[in-house]
Amino acid sequence: MEREAIQIGSMDTGQLYNIAYVAGREDEAIANLIMQGANLIGQEKLLDSNFRFSKRIKAVEGAESEALNGVLISKERQMPLELHDNVKIAVIDDVLEAEEIDSGALATESGFQQYLVLKEEFNANIQKLIEAGVNAVFVDRGVDDLAVEKLEEAGILVVARVPHQELVDLAEHCGAKLLKRTGLRKSVEELQKHFGTVAHIIGNEKLAHIKVLGGTGKAMATILVGATTGEVMGEKERIARDAAASVQSALQKGLVAGGGAAELAVARQLEQNKNALSGMAVFGADCVIAALKKPFMQIITNAGFNPLEKLGDVHKAQELQNNHHLSINCDTGRIDDLYIAGIVDPLYVKLHGLKTAGEVAEAILRINIIVKKKEYQST
């Protein structure tokens, strides 16, 4: 499959693709989907610490994999099947029913009259939606049956009980302002200011979702991962989310050279600092240094080279050239700048792995001390 030609800020897109490819278990189709989605969302959104790119992944059994410029609503379609060209959307963050009154009050004459007034007001509000020229109404909760009938008679798509996060994403993408049912009391002109606009709405009854595409609001992308079976679907979704998270992490925190190069550079620095230590601290430093060399040693062994020989070569090259990106290119067996070669890892993922390893080692040592202490006390 041809690599997607995109540009995200100033970062080397070849390196980003490699991140997606490796984290995506070397699945070219998933790597390309992730890169397409990243391009649609844009660097500004991806750099937002509150945004989770991995949450934009949705796996659907029987669907075709694609990167959508829009949002996916997990609902069976209503009517009509498709809407195109300047589609006006109202987003109701509420129930679309007449306001209720207390059951006790309803039993009284004044309460019943109030109920009739509220019902009439609600019907008038529905009529205002129609007059305002809305084409689709997405609602957080339930919708009154008569309101559905009236709206659909006017050719308006009604989608009820939309998951809240999808509703928020939809409003953001189409540029709509969230409305409460009391907000429908506004004039027709005011209501129109709350509508959003999209290019297409496409429902798929078989796959039980609605695509809302080409919004005039903020950039939003959904990575639709298709699969033939439920088991495969779940696995592909996990892989795609790993790839998306890795790409976003790389953009936010940067990259380091892969192939064990970064770990070897840290090991070299630790060896230099070890002279300032004494006692058991020296033994601890030696253990950490040995552990940091393990990724490189295993990679070289897997590639069929002599790990001890290559370790000495890389240590010397990093020191002489003062370049911690140097390691063995397993395709050639020669020392190479792996950062330039595109063999990279997200810095944050690397740091998280090292931190986790340290925490696990600390936990094991504490358990060992407790066990030894109990053995000593029992004797």
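Leu46 touches Ala38, Ile41, Phe51, Phe53, Gln248, Leu251 and Gln252, leaving aside residues up to four places away in sequence; a contact means heavy atoms within 4.5 Å. This is a predicted model, in which local features need pLDDT of at least 70, side-chain atom pairs count only at pLDDT 80 or more, and totals for chains, interfaces and linings use all residues. Residues are numbered from 1 along each chain as its sequence is written, and side-chain values use heavy atoms, with hydrogens and water left out.

**Nonpolar core**
- Leu46 is among the residues with the most contacts inside the largest nonpolar core, together with Ile34, Phe53, Ile57, Ile223 and Val247; this core has 30 residues.
- Such a core is a set of buried (under 20% relative accessible area, 1.4 Å probe, protein chains only) Ala, Val, Leu, Ile, Met, Phe, Trp, Tyr and Cys residues joined through side-chain atoms within 4.5 Å.
- Two or more residues each come from α1 (13-23), α2 (28-41), β1 (57-61), β9 (222-227) and α9 (230-253).
- Helices (H or I, at least four residues) and strands (E, at least two) are DSSP runs, numbered from the N terminus.

**Backbone**
- Most residues other than glycine have a negative phi.
- Asn86, not a glycine, has a positive phi of about 55 degrees and lies in strand β4 (residues 82-92).
- Arg161, also not a glycine, has a positive phi of about 50 degrees and sits in the loop between β6 (157-159) and α7 (164-174).
- Arg161 is exposed, at 52% relative accessible area, where exposed means over 50%.

**Confidence**
- The mean pLDDT (the predictor's confidence in each residue, from 0 to 100) of the chain is 89, and 93% of its residues reach 70 or more.
- Over residues 1-6 the pLDDT is below 50, and this stretch has 13 contacts in the model beyond near neighbours in sequence.
- Where pLDDT is low, the predicted coordinates should not be read in detail.
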